[in-house]
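Please work through the following exercises on helix packing, strand pairing and annotated positions with the structure at hand. Each task is followed by a worked solution.

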Amino acid sequence: MLWKHILEVRKQAPLVHNITNYVVMNNSANALLAIGASPIMAHAHSEVRDMVSICQSLVINIGTLDEYKTTSMKLAIETAIELEKPWILDPVGAGATPYRDQILAELLPYRPAVIRGNASEIMALAKTNTSPTKGVDSSNQSDEALEAARQLQQSFGSVVCISGETDIIVGAERTIRISNGHPLMTRVTGLGCSATAVIGAFIGVTEDKVEATAAATALFSIAGELAQQISTGPGSLQVNILDVLYNMTEQQFIDTLKIQN
């Protein structure tokens, strides 16, 4: 029952530390607030360890990567590991440049609780992608990255979420497919990054990281699907997703969810 995890986030209001890209900070912070969580967006070297210490989870997103922020990420991850707090990696643009791939190669051994990316990014992480990455957009379908996701799961123990028309969540013992969402969501920058932040909130309060990832993914995808019905384009969709996330009822969630275990 995924809905119970949504209620748990609303009840516990986890504080989520995000070291994320400049493009999505506002969107991701608002998405976290809409689901009942609280965001922190901080990457100063002088305070990043202290920030992690007061949060329930950590979100690492390499979208707008630079050397300063890379050090911030490592300091935050090391602190999260020391304090046994879960962290999620969003490998934005994996495969696009050697620098990006080098940083990801340095971050992966820290063993994130969850890795979330599109098919091309997941395949690039597992070194199985022969197609060029189109910026942050995927040139591959979710199913094409399934073997790569399994490789990553086995190598690092992470739950791997492949985003796409069908989102596929790969754990050690089970694979979950969620077929919600709407194509209009791809016309709003950073919605995938916001979905990663939402997963960050769920892994902060839920022991079962596969269920946490599935519940968060389902919630965000359903919100996009329902929001599209009352939107006239990407601008209104962006606002309406926040309202739907905030107002989502159990009945709406159950009636809309398309899931395969």
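The exercises below concern a predicted model.

**Exercise 1. Describe the packing of helices H9 and H10.**

Solution. Two packed helices are described by the angle between their axes and the distance between the axes.

Step 1. Helix H9 covers residues 209-228 and helix H10 covers residues 234-247; their axes lie 8 Å apart and form an angle of about 125°.

Step 2. Angles over 145 degrees count as roughly antiparallel and those from 65 to 115 as roughly perpendicular. H9 and H10 are therefore oblique to each other.

Step 3. The crossing in which H9 passes H10 is right-handed.

Step 4. On the H9 side, the contact involves Leu 219, Phe 220, Ala 223, Gly 224, Leu 226, Ala 227 and Gln 228. These meet Leu 237, Asn 240, Ile 241, Val 244 and Leu 245 of H10. By class, the contact of H9 with H10 has nine nonpolar and three polar residues, with no charged ones.

**Exercise 2. Describe the packing of helices H4 and H5 in the same terms.**

Solution. 

Step 1. Helix H4 (residues 67-82) packs against helix H5 (residues 98-107) at an angle of about 15°, and the axes are 11 Å apart.

Step 2. Angles under 35 degrees count as roughly parallel; H4 and H5 are therefore roughly parallel to each other.

Step 3. H4 and H5 form a right-handed crossing. H4 contributes Glu 67, Thr 70, Met 73, Lys 74 and Ile 77 to the contact, while H5 contributes Tyr 99, Ile 103, Glu 106 and Leu 107. The residues of this contact divide into five nonpolar, one polar and three charged.

**Exercise 3. Which residues does UniProt list for "binding site", and where do they lie relative to each other?**

Solution. 

Step 1. The unreviewed UniProt entry lists Arg 116 and Ser 163.

Step 2. Arg 116 belongs to strand E5 (residues 114-118).

Notes: Residues numbered from 1 in each chain as written. Predicted model: local features only at pLDDT ≥ 70, side-chain atom pairs only at ≥ 80, totals over all residues. Heavy atoms only, no water. Axes fitted to C-alpha atoms, helices over the stretch in contact; angles between N-to-C directions. Helix = DSSP H or I, 4+ residues; strand = E, 2+ residues; numbered from the N terminus. Left-handed = near helix turned anticlockwise from the far one by under 90°. Contact = heavy atoms within 4.5 Å. Nonpolar A, V, L, I, M, F, W, Y, C, P; charged D, E, K, R; others polar. UniProt positions renumbered as here; feature names shortened; annotations may be inferred.
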